[in-house]
Structures are given as C-alpha cells and as structure tokens.
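Subject: Structure for your study

Dear colleague,

Please find below the structure that I am handing over to you. Kindly look through it before reading the notes that follow.

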Amino acid sequence: MLAELSPALIAEVELAAKLLTTRQHICILTGAGISAESGIPTFRDNQTGLWENYAVEDLATPEAFTRDPKLVWSWYQWRRQLVADKTPNPAHTALAQWQYHTQSSHQSLTLITQNVDDLHEQAGSTVTHLHGNLWRNRCSQCKTAYQDQSRGSYHSKDTINFDDTLMTCPHCDSYIRPDIVWFGEALPVHAWQTAEDAAANCEVFISIGTSSLVYPAAGLAQLAKQNGAKIIEINPNPTPNTIVNITLAEKAGVIMPLLIQKITAL
Ligand code: NAD
Ligand code: ZN
C-alpha cells in the first residue's frame, strides 16, 4: 500500500500524525465519501437503474414528500436495500481503533457524521449523527417515532420492512417518513450543539469524505478555524475548502489506516 503513495503524500501524512499527537482536542467530520469504499454511492455519484432520471435534490426534500410521498418512500426503501448488507471499510475501522486508543490517553476525540448509514457504529465508534438515521422512521406530522409492531425494534435493519407501501401514523393518520434530515430542514438540536461545541473547542479539525457543500455542516470547519484550529482534509478530489492546512488527497480507506498507525506509533 505504501509503495502506491507518493513520497510527498507520505510526508503530509507524517506531518498530520505529528500534529495530531501533540494536540488534545480533536473533532472529526465524516461525509458520504468515507462510506464510498464500502459500496455506498455518494450524492455526487450518478444514481443508477430505476432512479437515474431523478436528482437527489428532487427526492430528499419535504416538498417532494408532500408532492409525491410514494415516490420518496420508494426511493428510501430502495436505498435501504442498497445499504443493508454493507460493512465498514478500513477508514471506519481505523477511526474506531483510534477512538478506543484515546480512551486511555489525554486526548478527546469527537466524531460527527453527516452519514445516515451505521458503518461507524458497526466498526465500534461512538458517533453523533447530524442528518439522522436511515434505519428509523417517524410520523411526517406529529414526529412520533414509528415502530412496526409486527417487526420489533425500528432501530434495527434486521427487522426493517423493505416494502414500498406507504404506512400511516397510529396517532394522527399522517404518512410515515424516514427519520432523516432532508434538504431545507433543521438539524437535530442536540446533535448540532455537540458538533458546534466540538468544532469551536478543538485544536485540530479533520474533514473526511465530504464535499463541503452541504450547510450548516460545512460551516463547522470554518468555526474551528476561527477559533484557532488547524484543518486537515482527506478527500481524493479537491474541495472548495480554502481554509485547509494539510490536504491528504487520497481515498479515506488508504489514508486513515496509515495515519492511525503513525499516530499510535509516535
Ligand atoms: P457528497 O456526496 O456531497 O460528497 C462526497 C465527497 O466524498 C466528495 O467530495 C468526494 O470527492 C469524496 N469521496 C469520494 N470517495 C472518497 C473516498 N474513498 N475517500 C474520501 N473521500 C471520498 O457527500 P456529503 O459531503 O456527505 O454531503 C451530502 C449529503 O449526502 C449528506 O447530508 C449525507 O447525509 C448524504 N449521504 C449520505 C450517505 C451515507 O450515509 N453513506 C450516502 C450518500 C449521501
Ligand atoms: Zn402522527
């Protein structure tokens, strides 16, 4: 693996590792790119098959659900099927190992994700979800969590029903929707507070696999920078982020194991 990386990139990884071992408070934000190597498409990838003629922005909004709930529900049921058998890749695993390692050190590491999959949890991490959870449902009106009584816990993908028939709320008869933050909707208050506190108080902010286009999450790196943090970005494609101090332009699944190996060896 090392042989494939340029000496310049390896030097940047070493620089990042040194910085990270000498700082106490670390905040990490992950996006769809960290799950790409597990086989989950990002929003920048073109949709395939049945859905290739739809733009994500026309499906993941409250307006789309009001206009055509069946269409939006079917798209989410399809995405759930796509994600159901996916497992963590070396980037998720390395992050979980680092988080475990910091429990017995002086460092604090806060992991925030924009992802709605559960690959960080599967790898063993504790993570704050800014955009909700693909495996939960709730009422579109009264917001009550929806649990399919015949199938047990709504938290578990093992028991989720992939049927694309619309379901209604037992309390108010409105349609059930995925418990996900759609474009134009507010973020969960507690999760956002955790993210803002961690970003404002960190000494290093690491952005992994995010296009830095979707606000307010994209503003977290700026908040960290304003408060004196150094910014590290891990993304094979350049982003519009001009505040980055160290760019590691490679796949997260390649960089993260190497970075964590260097951090834990120092
Ligand atoms: P995005 O789709 O806008 O951008 C993905 C970024 O990942 C791109 O910049 C791309 O260059 C980078 N990338 C691709 N492969 C990579 C790899 N192997 N390693 C590192 N980086 C890689 O995603 P976003 O910034 O997270 O924002 C879009 C929204 O999409 C979020 O709100 C998120 O909830 C949602 N989303 C989530 C999932 C998921 O849960 N897995 C999947 C698709 C979209
Ligand atoms: Zn209801």
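A residue counts as exposed when its relative accessible area is over 50%, as buried when that area is under 20%, and as partly exposed in between, using a 1.4 Å probe and protein chains only. By this rule Asp-173 is exposed, because its relative accessible area is 57%.

The model is predicted: local features need pLDDT of at least 70, side-chain atom pairs count only at pLDDT 80 or more, and totals for chains, interfaces and linings use all residues. Residues are numbered from 1 along each chain as its sequence is written, chains are lettered from A and ligands numbered from 1 in the order in which they are written, and side-chain values use heavy atoms, with hydrogens and water left out.

The sheet

Helices (H or I, at least four residues) and strands (E, at least two) are DSSP runs, numbered from the N terminus. Two strands pair if DSSP finds at least two bridges between them. In general, strands of a sheet pair through backbone hydrogen bonds, either parallel or antiparallel. Here, three strands make an open sheet in the order E5-E4-E6, with antiparallel pairing. Strand E5 (145-146) and strand E6 (176-180) are the edge strands, each pairing on one side only. Strand E4 (residues 132-139) is joined to E6 by four bridges, and Cys-139 stands opposite Ile-176 in E6.

The zinc site

Which residues coordinate the zinc ion (ligand 2)? They are Cys-139, Cys-142, Cys-169 and Cys-172, each through its SG atom, at 2.2 to 2.4 Å. Donors are N, O and S atoms within 2.8 Å of the metal (3.2 Å for Na, K and Ca); water is not among the atoms, so sites may look incomplete. The spacing of the donor residues in sequence is C-x2-C-x26-C-x2-C. Because Cys-139 lies in strand E4 and Cys-172 in the loop between E5 and E6, the pair ties together parts that are 33 residues apart in sequence. Cys-139 is buried, at 0% relative accessibility, whereas Cys-172 is partly exposed, at 34%.

Two loop residues

Lys-143 is found in the loop between E4 and E5, and Asp-173 in the loop between E5 and E6. Lys-143 is not a glycine, yet has a positive phi of about 70°; Asp-173, also not a glycine, has a positive phi of about 70°. Lys-143 counts as exposed because its relative accessibility is 57%.

Yours sincerely,
A colleague
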